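Could you walk me through this structure in the viewer? I would like to know what to select next and what is there.

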Amino acid sequence: MTQVAQAAPADTDRTAEVAALNDAARAGSLVTSKTVFTRALVDILAGDYPDPGTRQLNLMMGQRTLRRLINETPIDPGNDPHGERDFGVVEHQGHRIFWKVDVYANDGTFAWGSETPWDAQQSFRVVTVMLASDW
């Protein structure tokens, strides 16, 4: 006789909590998170202007635009099999951009994944924004 296990409601609640925290991390509003951009993407966003001030301004404007694009673009269900909203793809200036959320134990080392990703105090999120070729 085959029995089918059913997920407990707590699993669904925790998935929703993880997704909400990932959304906040992507938006830049979660205190226990940070966003990093890969070097190759930073170079593209900054441009190749000789003036460092212009490069910095272009970088900041590009990062702001990408963050908005990442938050406003719906997540493809194929990229979100667990419903945690931790990976997505956008197009920007002719480049395919990936973003992903990694959740670590909030111990300052980033050495281990969090055992409680639904707890904002015990977990720390790193949102990585990269060119698809950086993957």
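Start by selecting Phe87, Phe98 and Trp135: ring pairs link these residues into a cluster. Bear in mind throughout that the model is predicted.

The structure holds five aromatic pairs. For one of them, select Tyr104 and Phe110, an edge-to-face pair with 5.6 Å centre to centre and 85 degrees between the planes. Phe110 belongs to the loop between β3 and β4, while Phe124 is in strand β4, so their pair ties together parts 14 residues apart in sequence.

Now colour by accessibility. Tyr104 is partly exposed at 23% relative accessibility, and Phe110 is partly exposed at 35%. Phe124, at 15%, counts as buried.

Stay on Phe110 for its backbone: the phi is positive, about 55 degrees, although the residue is not a glycine. Arg85 is another stop of this kind, a non-glycine with a positive phi of about 50 degrees. You will find Arg85 in the loop between α3 and β2, partly exposed at 29% relative accessibility.

Next, select Arg14 and Trp118. The charged end of Arg14 sits over the Trp118 ring, 4.0 Å from the ring's centre.

Finish on the surface with Leu57, Met60 and Met61, which form a nonpolar patch with about 300 Å² of accessible area together. Leu57 is in helix α3, residues 52–72, and is partly exposed at 46% relative accessibility.

Notes: Residues are numbered from 1 along each chain as its sequence is written. This is a predicted model: local features need pLDDT of at least 70, side-chain atom pairs count only at pLDDT 80 or more; totals for chains, interfaces and linings use all residues. Side-chain values use heavy atoms; hydrogens and water are left out. Patches are made of residues with over 30% relative accessible area and no salt bridge: like charges are joined within 9 Å, nonpolar side chains (Val, Leu, Ile, Met, Phe, Trp, Tyr) within 5 Å. Accessible areas come from the Shrake-Rupley method with a 1.4 Å probe; for residues, only the protein chains shown count as cover. A salt bridge is a side-chain nitrogen of Lys or Arg within 4 Å of a carboxyl oxygen of Asp or Glu. Helices (H or I, at least four residues) and strands (E, at least two) are DSSP runs, numbered from the N terminus. Buried means under 20% relative accessible area, exposed over 50%, partly exposed in between (1.4 Å probe, protein chains only). Rings of Phe, Tyr and Trp (its six-membered ring) pair if their centres lie within 6.5 Å; planes under 30 degrees apart count as stacked, over 60 as edge-to-face and the rest as tilted. A charge sits over a ring if NZ of Lys or CZ of Arg is within 6 Å of the ring centre and within 35 degrees of the ring normal.
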